[in-house]
Amino acid sequence: MQNVLSIRGGGIRGIIPFCCLIQLEAQLDGLTREHINYCAGTSTGALLAAAVAAGVPASQLPTVYTPRSQERFTPTGIAADGKHIIHGFRYDPQNLHNVVVSVFGAAANWTVNDCPIGVMISATAMNGHNWFFVKDNARNKGTTDVTPVPAGTKLSYSKTSTQAWYAGLAVPSLGTGFYPASSTAPKGLLQSIEWTTSTLVDTCDDWVDCAAARQWPGVRETLNPELPSDIDEADLSAIPTLVQIGQKMAAAMDWKQILG
């Protein structure tokens, strides 16, 4: 294994990493999956990771985030927060499914096992239960009935095999932007609910980075720009700003150097 790509979650802020993938394909020629061996993602990063594995050209990904964003992020606001608390998700999965099917084409019917490169889709529930969806192999259960790794479990690695894996290995992690946390405590019930749901979502978005850091400690390179404001993952009015941030970040990237 030589190149592993990790993509964080962040809803509409997925515009930032897909701008980077467009630049990757422009600089290196060919599809992203032709230049990496493994792709992992959570939330919006999972959508992008699946698109990479399915061979969807990065130039087609803006369709998911700009013209059809209204379809994906429904409902919004307080209704979405309430849905997240009650059902564990904010947006109607059927809407996302419809958009993905139209963009992925025939690959929308693939299973993870059909992907020509390694892929890992991570997810976490509000109760802390974590799932990892990967290809079937002799060391996993071959089923989605996954037993979570208990907190505090230490994973052991063979020093020899780990060194062999790390030789020439690149693990870039594409972020969806961050905004320094405010030290001001939320006021009132509504602000407290919004803060709580936002924190839960951000925790889920971080999970793929945690998994990559655990699997390849000291190798992962995080590429994540600071945002000018605290942009919510469903703030469709921020699309022009996110496009500017993503294009600026992408223009400064040298993918030949990043992937070694």
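What share of the contacts in the chain with a separation of 6 or more do residues 24 or more positions apart account for? Such residues account for 76% of these contacts, a contact being heavy atoms within 4.5 Å. The structure is a predicted model, in which local features need pLDDT of at least 70, side-chain atom pairs count only at pLDDT 80 or more, and totals for chains, interfaces and linings use all residues. Residues are numbered from 1 along each chain as its sequence is written, and side-chain values use heavy atoms, with hydrogens and water left out.

**Overall architecture**

- The chain has ten helices and six strands; these are DSSP runs numbered from the N terminus, with helices being H or I of at least four residues and strands being E of at least two.
- Of the 260 residues, 41% count as buried, where buried means under 20% relative accessible area, exposed over 50%, and partly exposed in between (1.4 Å probe, protein chains only).
- The accessible surface of the chain is about 13,500 Å², and 55% of this belongs to carbon and sulfur atoms; accessible areas come from the Shrake-Rupley method with a 1.4 Å probe, and for residues only the protein chains shown count as cover.

**Helix α9**

- Helix α9 (residues 239-251) has 13 residues and reaches 18 Å from its first C-alpha to its last, close to the 18 Å expected at 1.5 Å a residue; the expected span is 1.5 Å times one less than the number of residues.
- The buried residues in α9 are I239, L242, I245, G246, M249 and A250.
- They cover an arc of only 125° around the axis, which puts them on the same side of α9; the arc is that of the directions from the helix axis to the C-beta atoms.
- P240, Q244, K248 and A251 are exposed on the other side of α9.

**Helix α2**

- Helix α2 (residues 44-54) is mostly covered, with ten of its eleven residues buried.
- Among these buried residues are T44, L47, L48 and V52.
- G55 follows α2 and has a positive phi, near 80°.

**Residue S173**

- S173 lies in strand β5 (residues 171-174) and is buried, with a relative accessible area of 0%.
- Leaving aside neighbours within four places in sequence, S173 is in contact with S6, R8, D209, R220, E221, T222 and L223.
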